[in-house]
Amino acid sequence: MVWSLDEIWEWFNQHRKWSLIGGGVLLGLLGLWWAISLLRSPVMPAVAPTASLSAPLRSGKASGSVRQSAQSRSSAGPAYVDIKGAVRQPGLYHVTASMRIADVLKLAQGLLPEADQQQVNLAAKVTDQQVIYVPRKGRPMVPW
């Protein structure tokens, strides 16, 4: 069945109230979908180049080691670190030369409850191409 433009307009005028309600609901659902899509975390989080840690992430002893990439550490150009393991948002983050592991953990939205913080040195400075691995409790560090 093909409707002409006049028939559509006539139907709209007869059912104006329901047409407006349906259109409003459709626009509301479209807006909700758009808002939810903005809240989802990106594949590679967009991170401000500077970040400071106003308060400690967790209390407790911070000892252990962090595995680093064997490639060269260049101070020129942008620097990125890859954080993996028991963190809320693992991924690639833009860092500065003055940042520490604790700053990167803050960018990654903190540690998961099952994270073994005892194996991570929160005070260590970050370097370009560094891999930061936070193991779960009872698991060894992953050798890179």
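Mentor: Let us take the labels one by one, starting with the model as a whole. This is a predicted model.

Trainee: How do you know how confident the predictor was in this chain?

Mentor: We look at pLDDT, which is the predictor's confidence in each residue, from 0 to 100. Here the mean pLDDT of the chain is 77, and 72% of its residues reach 70 or more. Over residues 45-74, however, the pLDDT is below 50. That stretch still has 70 contacts in the model beyond near neighbours in sequence. Where pLDDT is low, the predicted coordinates should not be read in detail.

Trainee: What makes up the secondary structure of the chain?

Mentor: The chain has three helices and three strands. Starting at the N terminus, their order is α-α-β-β-α-β.

Trainee: Why is Leu-29 called exposed?

Mentor: Exposed means over 50% relative accessible area. Leu-29 has 52% relative accessibility, so Leu-29 counts as exposed. You will find Leu-29 in helix α2, which covers residues 16-39.

Trainee: What makes Leu-29 part of a nonpolar patch?

Mentor: Patch residues need over 30% relative accessible area and no salt bridge, and nonpolar side chains are joined within 5 Å. With 52% relative accessibility, Leu-29 passes the area cut-off. The patch on the surface is formed by Trp-18, Ile-21, Val-25, Leu-29, Leu-32 and Ile-36. Together they have about 610 Å² of accessible area.

Trainee: Ser-19 is also in helix α2. Is Ser-19 buried or exposed, and how do you know?

Mentor: The cut-off for buried is under 20% relative accessible area. Ser-19 has 18% relative accessibility, so Ser-19 counts as buried. Not counting residues up to four places away in sequence, Ser-19 touches Trp-11 and Phe-12.

Trainee: What does the side chain of Ser-19 reach, and why is that called a polar contact?

Mentor: The side chain of Ser-19 reaches the backbone oxygen of His-15 at 2.8 Å. A polar contact needs a pair of N or O atoms within 3.5 Å, one able to donate a hydrogen and the other to accept it.

Trainee: Why is Leu-111 called buried, and why is Gln-89 called partly exposed?

Mentor: Leu-111 has a relative accessible area of 4%, which is under 20%, so Leu-111 is buried. Gln-89 has 25%, which falls between the 20% and 50% cut-offs, so Gln-89 is partly exposed. Leu-111 sits in the loop between α3 (101-107) and β3 (130-134). Gln-89 sits in the loop between β1 (79-85) and β2 (91-95). The two residues are 22 residues apart in sequence, with 8.9 Å between their C-alpha atoms.

Trainee: How do you know that Asp-82 and Lys-84 meet in a salt bridge?

Mentor: A salt bridge needs a side-chain nitrogen of Lys or Arg within 4 Å of a carboxyl oxygen of Asp or Glu. Asp-82 and Lys-84 have an N to O distance of 2.9 Å, so the pair qualifies. Side chains of opposite charge can pair when their charged atoms come close. Asp-82 is partly exposed at 22%, and Lys-84 is partly exposed at 29%.

Trainee: How many salt bridges does the structure hold?

Mentor: The structure holds two salt bridges. One of them joins the side chains of Arg-136 and Glu-114, at 3.7 Å from N to O. Arg-136 lies in the segment after β3 and Glu-114 in the loop between α3 and β3, so this pair ties together parts that are 22 residues apart in sequence.

Trainee: What is noted about phi of Gln-109?

Mentor: Phi of Gln-109 is near 70°, a positive value in a residue other than glycine. Most residues other than glycine have a negative phi. Gln-109 is in the loop between α3 and β3, and Gln-129, in that loop too, also has phi near 70°.

Methods:
Residues numbered from 1 in each chain as written. Predicted model: local features only at pLDDT ≥ 70, side-chain atom pairs only at ≥ 80, totals over all residues. Heavy atoms only, no water. Patch = residues over 30% accessible without salt bridge, like charges linked within 9 Å, V, L, I, M, F, W, Y side chains within 5 Å. Areas by Shrake-Rupley, 256 points an atom, 1.4 Å probe, with all protein chains shown as cover. Helix = DSSP H or I, 4+ residues; strand = E, 2+ residues; numbered from the N terminus. Buried < 20%, exposed > 50% of the residue type's maximum accessible area, 1.4 Å probe, protein only. Contact = heavy atoms within 4.5 Å.
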